[in-house]
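This briefing sets out selected features of a single structure. The points are grouped by topic and follow the display below.

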Amino acid sequence: MSNALEVSNDTFESEVLKCATPVLVDFWADWCIPCKMVAPAVDAIADDFVDQVKVAKIDVDANSELAVEYGVRGIPSLMIFYGGEVVERMVGVQSQATIAAKLRKVLDGKTKMP
């Protein structure tokens, strides 16, 4: 079982924007084959970074307002939020190593914070 959290329009602010730690957000859809390809990497990141980073999943079909607000034009789109702002963006299938490296940059303070 993954430590990733399903987030909706109603819970986005409290779970993502107001979170004290970085949050990896996976914008996905059930019909999206590339989303299904990246899902195991996202779930592994949720488990590997369990005490350092929150991992959230947002179904763009059920939460289209968030997809529009954050300029999601292709899925999967992965964004790292910190301090209520997007600090990293990745579009398309990403490896677990790539996602982890971007998270480590944020955690190590090497990514410009808002």
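A disulfide is taken here as a pair of cysteine sulfur atoms within 2.5 Å. The model under discussion is predicted.

**Disulfide and cysteines**
- Cys32 and Cys35 are joined by a disulfide, with an S to S distance of 2.4 Å.
- The link of Cys32 and Cys35 is right-handed, with 80° about the S-S bond.
- Cys32 has a relative accessible area of 3% and is therefore buried, since buried means under 20%.
- Cys35 also counts as buried, at 3% relative accessibility.
- Cys19 has a relative accessible area of 15% and is buried.

- Trp28 lies in strand β2.
- With a relative accessible area of 18%, Trp28 is buried, because the limit for that class is under 20%.
- Beyond its neighbours within four places in sequence, Trp28 is in contact with Glu6, Cys35, Lys57, Ile58, Asp59, Val60 and Ile75.
- One of these contacts, Cys35, is a partner in the disulfide with Cys32.
- Trp28 and Leu78 are 50 residues apart along the chain, and their C-alpha atoms are separated by 8.8 Å.

**Nonpolar cores**
- The largest nonpolar core has 21 residues, of which Phe12, Val16, Val25, Phe27, Ile75 and Phe81 touch the most other members.
- Two or more residues of this core come from each of α1 (12-17), β2 (23-28), β3 (54-59), α3 (64-69) and β4 (77-82).
- The greatest contribution to this core is that of β2, which gives four residues.
- A second, separate core of 17 residues includes Leu24, Val42, Ile45 and Val87.
- Phe81, one of the members of the largest core that touch the most others, is in contact with Phe12, Val16, Leu17, Thr21, Pro22, Val23, Val25, Tyr70 and Val86, leaving aside its neighbours within four places in sequence.
- Among these contacts of Phe81 are Phe12, Val16 and Val25, which are likewise listed with the residues of the largest core that touch the most other members.

**Surface patch**
- Ile33, Met37 and Val93 make a nonpolar surface patch of about 300 Å².
- Ile33 is placed in helix α2, which covers residues 33-48.
- Ile33 counts as exposed because its relative accessibility is 54% and exposed means over 50%.

Notes: Residues are numbered from 1 along each chain as its sequence is written. This is a predicted model: local features need pLDDT of at least 70, side-chain atom pairs count only at pLDDT 80 or more; totals for chains, interfaces and linings use all residues. Side-chain values use heavy atoms; hydrogens and water are left out. Patches are made of residues with over 30% relative accessible area and no salt bridge: like charges are joined within 9 Å, nonpolar side chains (Val, Leu, Ile, Met, Phe, Trp, Tyr) within 5 Å. Accessible areas come from the Shrake-Rupley method with a 1.4 Å probe; for residues, only the protein chains shown count as cover. A salt bridge is a side-chain nitrogen of Lys or Arg within 4 Å of a carboxyl oxygen of Asp or Glu. Buried means under 20% relative accessible area, exposed over 50%, partly exposed in between (1.4 Å probe, protein chains only). A nonpolar core is a set of buried Ala, Val, Leu, Ile, Met, Phe, Trp, Tyr and Cys residues joined through side-chain atoms within 4.5 Å. Contact means heavy atoms within 4.5 Å.
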